[in-house]
Amino acid sequence: MTRRRVAVTGLGVVSSLGCGLDLFWRRCLEGATVVKPIPERWRRYWEPKSRVWSPLGDWRRSTPLLTRIERRRMDPAAQIAVQAAAEALGGAEIELEPMDDKRNTYRIPTFSPERTAVFMGTGIGGLHSTLSTAACHMLTPARQRLRELGARRAEEDPELVRELERVLEGLPAPKVFNPFAVTMSMPNAVAANLAVKLGFRGPARTLAGACASGTIAVGKAFRAIRDGECDAALTGGTEFLSDDYGSCFRGFDAVGALVDGDLPPEAVNRPFDEDRSGFLFAEGGAAVLILEELRGARERGAPVLAEVTGYGETCDGHDLMAMEPSGAQVRRAVEACLADAGLAAADVGYVNAHGTGTESNDPLECGVIEEIFDPGVAVGSTKSLLGHTLGASGALEAVVTVSALREEIVPPTRGLERPIADLRFVTRADSLSMDHALSQSFAFGGHNAVVAFGRPR
């Protein structure tokens, strides 16, 4: 079977560094980051060890693909995926035609609907909606009962009433149960919303591989086009991890995965540094890549930003949270990706590393890079800028890798002062002539995924 070549023709981003590819890329090259104290209200429920995060900021961008009513029917993870997709489609010079004004759906005359797919990754999917729905369901009757008790005791015990009001302030919940709770909560809504919005009839798959989800989605989309299952695909990853009670943050805080809360904000996020203390929890983000069969992309005059050339995936089969100590399956994923792309390790100029900043993962990843690649390969961690966006991280890192190849400049790894390994870590934006680069992700559950990109030939 003939292996078709696969082009990247469009990119779209929603991130803590800003919404939109140009702003995102410029701030990456500046080495910017956003580190702020967690919402004070979260500290009503527990005493966190880590007390900073990277919030998403004002992420609700105006786009004709989302009406006000549609936003009320979509989880934020799905909303930001649609926003990123709108930008990626525009960047790929793909025109949309309205299909149903009432439903606000579109079609793409350029692509056959039956031959166009969606492959999106997410670690947790509709978490925000799940938690909000549960809070409304459980707390609405409890809040009402507390108010009734307060009204009965108002005259004889005003201090009790004031205490009840303080308790009620700490139990926020939506006032009305959302009738779209099921479709907002289900993880597959991320891909399904895009397929419905754009009239795609090919596969619409949501890939859940924890922190590797975005990378897995890009890899699966690449193989589907390369092997003839479809001709074009929207792919990437999305995540939105905020809730009124900080419960998702607390989950990672409880297992000691997050940055030390006693460090000043400018010193917390430092992958591959001797003083690393964990990863910076990010509120969320989304990135979408448009992939097309290369010949078709060139025939329509599309901007070819890069080629996807290979993909490798393995599972440690070891532990749900800890990487297998030898790194054998991480190494096998990298080698499988190189073999799939027909590359020697010496061909790779840049590795966008997983680079979380955790005590155990960083040394293991460095060891694999040292074993496989030449000493001159540039290594960087996008998470040093964005924090960890879980299921979106691999897709955001794929966007960085494509942009670095295209412009032949590598963004810095922030906070790296005492490297744990003798690698060529990039600590300031650095020009680099290269033809091939890798983006790699390693996740809870032992999911290892690596994608290779090349400059268009």
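**Exercise 1. Count the cavities of 30 Å³ or more, then describe the largest cavity.**

Start with the count: there are 3 cavities of 30 Å³ or more. A cavity here is a set of points, on a 1 Å grid over the protein atoms alone, where a 1.4 Å probe fits but cannot get out, and lining residues have an atom within 4 Å of a point. Points are joined across faces, edges and corners, and volume is the space filled by probe spheres set on them.

A quick note on ground rules. This is a predicted model, where local features need pLDDT of at least 70 and side-chain atom pairs count only at pLDDT 80 or more, while totals for chains, interfaces and linings use all residues. Residues are numbered from 1 along each chain as its sequence is written, and side-chain values use heavy atoms, with hydrogens and water left out.

Next, the size: the largest cavity holds about 50 Å³ of space. Its lining includes T33, P265, E266, S384 and R414. Sorted by class, that lining has 3 nonpolar, 4 polar and 2 charged residues. For the sorting, Ala, Val, Leu, Ile, Met, Phe, Trp, Tyr, Cys and Pro are nonpolar, Asp, Glu, Lys and Arg are charged, and the others, Gly among them, are polar.

**Exercise 2. Find what lines the second largest cavity.**

First, its volume is about 40 Å³. Among the lining residues are D75, G125, M184 and V190. Helices α3 (76-91) and α7 (189-198) each give two or more residues to this lining; helices (H or I, at least four residues) and strands (E, at least two) are DSSP runs numbered from the N terminus. By class, the tally is 6 nonpolar, 2 polar and 1 charged.

**Exercise 3. Is strand β10 mostly covered or mostly uncovered, and which strands pair with it?**

Begin with burial: 10 of the 10 residues in β10 (residues 284-293) are buried, so the strand is mostly covered (buried means under 20% relative accessible area, with a 1.4 Å probe and protein chains only). Both faces are covered, with A286 and I290 among the buried residues on one side and L289 and L291 among those on the other.

Now the partners. Strand β1 (residues 6-15) runs antiparallel to β10, joined by 8 bridges, and V6 stands opposite E293. Strand β9 (residues 232-240) also pairs with β10 in the antiparallel sense, over 9 bridges; A232 has E292 as its bridge partner. Pairing takes at least two DSSP bridges between the strands.

How values were computed:
Buried < 20%, exposed > 50% of the residue type's maximum accessible area, 1.4 Å probe, protein only. 1 Å grid on protein atoms, 1.4 Å probe; cavity = no way out; pocket = protein on both sides within 12 Å on 5 of 7 lines; lining within 4 Å.
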